[in-house]
Amino acid sequence: MRPEPPLALLAELTHRCPLRCPYCSNPTQLTGAGEELDTATWARVFAEAAALGCLQVHLSGGEPMARRDLPALVRAAQGAGLYTNLITSGVLLDAPRLAELCAAGLDHVQLSVQDAAAAGGDRIGGYAGGHARKLTAAAVIRAAGLPLTLNAVVHRQNLDNLEQLIDLALDLGAGRLEVAHVQYYGWALANRAALLPSRAQLEAATAVVAAARRAHAGRLVIDYVVPDYHAARPKACMGGWGQRFLAVSPAGRILPCHAAESIPGLDYPRVQQTSLHAAWYASPAFARFRGTDWMPSPCRGCERAEIDWGGCRCQAQALLGDAAATDPACDRSPRHGLLADALAEAASAGQDFAYRQFSESNIRSDRIV
Amino acid sequence: MTPESIPRFAPGHRLREDAARGRWVVMGPERMFVPDETALEILRLVDGARSLAGIAGALAARFAAPEAEIAADVAALLEELRTKGVIQA
Ligand code: SF4
Ligand code: SF4
């Protein structure tokens with residue numbers, strides 16, 4: 001059976017970022033600037049994505065504004081017919097740079113904040129003065145007439161500030177607020193004990209969201225999903241492996257999900273050698289967990305198999321060392337108890353972070369090129 | 001909205017062909033709407049110049065249908081999309 005074409009491309013333009021969020025979704029082995037794809041290669045990738053059926057590109061990172069050729073990349077994506085969404089921390093965004101992006105055809109900006117106020121935001125992002133710059137960036141985005149989504153990654157150390165985060169979204173003129181719970185693999189897994197929220201915190205937050213949705217209907221759309229560690233059923237990660245999205249890493253790996261390189265033993269094609277079309281329809285890596293044929297018990301034959309697709313492969317890899325196992329977030333997984341253990345550990349853990357950083361070898365490869 | 005209101009797509013929203021799937025879609029900030037046939041005919045006439053009455057008139061002429069009925073459909077669809085933030089008027 002031929003899979004449906006993908007809807008969107010996640011273009012991870014770079015891993016460089018001035019911030020150091022302890023839950024960053026980038027791989028723990030970061031790619032240096034010298035290994036990043038050049039402008040012309042990205043332009044070809046965007047054209048291939050549009051021809052394959054993608055309607056939208058998320059220009060992401062790292063911090064995509066760290067790429068000096070970003071206006072050219074937006075122009076190329078726009079010219080290919082893709083809806084262009086910039087996912088940014090905002091700290092490198094000012095009016096002249098945004099004007100260039102607007103002229104290139106940028107459609108939408110998703111701006112992240114680490115907390116509702118500067119003290120918490122700057123500590124969590126590991127970047128002094130970052131929060132204030134984000135507020136300036138939001139004003140610049142709105143002044144340019146671009147629609148704005150505010151993205152707030154939430155966890156134990158900022159979840160109690162959710163009402164203030166909602167107020168911030170309203171103050172900044174955001175049309176959407178995405179309240180995204182941390183997903184625990186990579187950097188976030190290393191910081192899990194400092195980040196996992198308690199059940200009581202979560203219940204309070206869920207009530208805050210419900211009230212705010214009613215109060216601000218027609219003005220602010222709030223996206224909010226209950227996190228895995230407090231849910232009985234896993235998420236349909238990426239809408240199913242190789243079914244709706246594809247990602248391209250800074251160095252050109254074509255992936256079913258931005259975290260998929262955490263799974264060993266899969267040979268992901270590279271844009272330098274393989275077209276997106278060939279990767280999507282013919283690569284063993286994309287076929288590996290697509291659909292339901294790969295599923296073990298208890299997913300096999302489960303009535304939810306085509307709803308959640310067995311959950312997240314990267315989470316199964318990270319927690320069980322086996323990407324082909326049922327996501328332990330599911331209470332039908334024999335290993336579901338691991339999540340309760342993690343919550344218990346977090347309940348008595350401290351607040352200190354291991355911040356995201358480039359490893360020594362990354363820094364060296366930066367210098368060589 | 002009144003018959004004289006002039007609807008246009010809200011910033012960040014646009015109607016575009018989805019050739020790979022043989023349909024048209026409204027793309028928006030991290031969301032997408034798939035209009036049915038009637039909605040698509042209406043949205044194709046949303047150009048920031050035509051009023052609701054103008055859109056209904058054009059469709060009534062094209063499909064030889066009663067204008068009052070069409071005007072009601074146009075108003076209902078655009079009002080729904082306005083509450084969703086897709087259309088401004
Ligand atoms: S999560 Fe934080 S550190 Fe990672 S790319 Fe985003 S802003 Fe930078
Ligand atoms: S057993 Fe598998 S398919 Fe069934 S609900 Fe759990 S994760 Fe989903």
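Which residues of α5(A) are buried? They are A:G130, A:H131, A:K134, A:A137, A:A138, A:V140 and A:I141, where buried means under 20% relative accessible area, exposed over 50% and partly exposed in between, with a 1.4 Å probe and protein chains only. This is a predicted model, so local features need pLDDT of at least 70 and side-chain atom pairs count only at pLDDT 80 or more, while totals for chains, interfaces and linings use all residues. Residues are numbered from 1 along each chain as its sequence is written, chains are lettered from A and ligands numbered from 1 in the order in which they are written, and side-chain values use heavy atoms, with hydrogens and water left out.

**Helix α5 of chain A**

- Helices (H or I, at least four residues) and strands (E, at least two) are DSSP runs, numbered from the N terminus.
- Helix α5 covers residues 130-143 of chain A, and its 14 residues should span 20 Å at 1.5 Å a residue, which agrees with end C-alpha atoms 20 Å apart; the expected span is 1.5 Å times one less than the number of residues.
- The cover over its buried residues includes α3 (95-103), β4 (108-113), α4 (118-125), β5 (148-154) and α6 (162-171) of chain A.
- Just after α5(A) comes A:G145, with a positive phi of about 80°.

**A:D107**

- You'll find A:D107 in the loop between α3 and β4 of chain A, and it is buried, at a relative accessible area of 10%.
- A polar atom of the A:D107 side chain sits 2.9 Å from the backbone nitrogen of A:T84.
- Beyond its neighbours within four places in sequence, A:D107 is in contact (heavy atoms within 4.5 Å) with A:L82, A:Y83, A:T84, A:L146, A:P147, B:G12 and B:R14.

**Ligand 1**

- Around ligand 1 are A:C17, A:L19, A:R20, A:C21, A:C24, A:G62, A:S89 and A:R356, going by a heavy atom within 4 Å.

**Aromatic rings**

- Six aromatic pairs turn up over all chains in a search of the whole structure; rings of Phe, Tyr and Trp (its six-membered ring) pair if their centres lie within 6.5 Å, with planes under 30 degrees apart counted as stacked, over 60 as edge-to-face and the rest as tilted.
- A:W241 and A:F289 have ring centres 5.1 Å apart and planes at 90°, so this pair is edge-to-face.
- That pair links distant parts of the chain, 48 residues apart: A:W241 is in the loop between β7 (221-224) and β8 (245-248), and A:F289 in the loop between α11 (284-288) and α12 (305-308), of chain A.
- A:F289 also forms an edge-to-face pair with A:W294, at 5.3 Å centre to centre and 85° between the planes.

Conventions. Polar contact = N/O pair within 3.5 Å; in protein donor to acceptor, adjacent residues only side chain to side chain.
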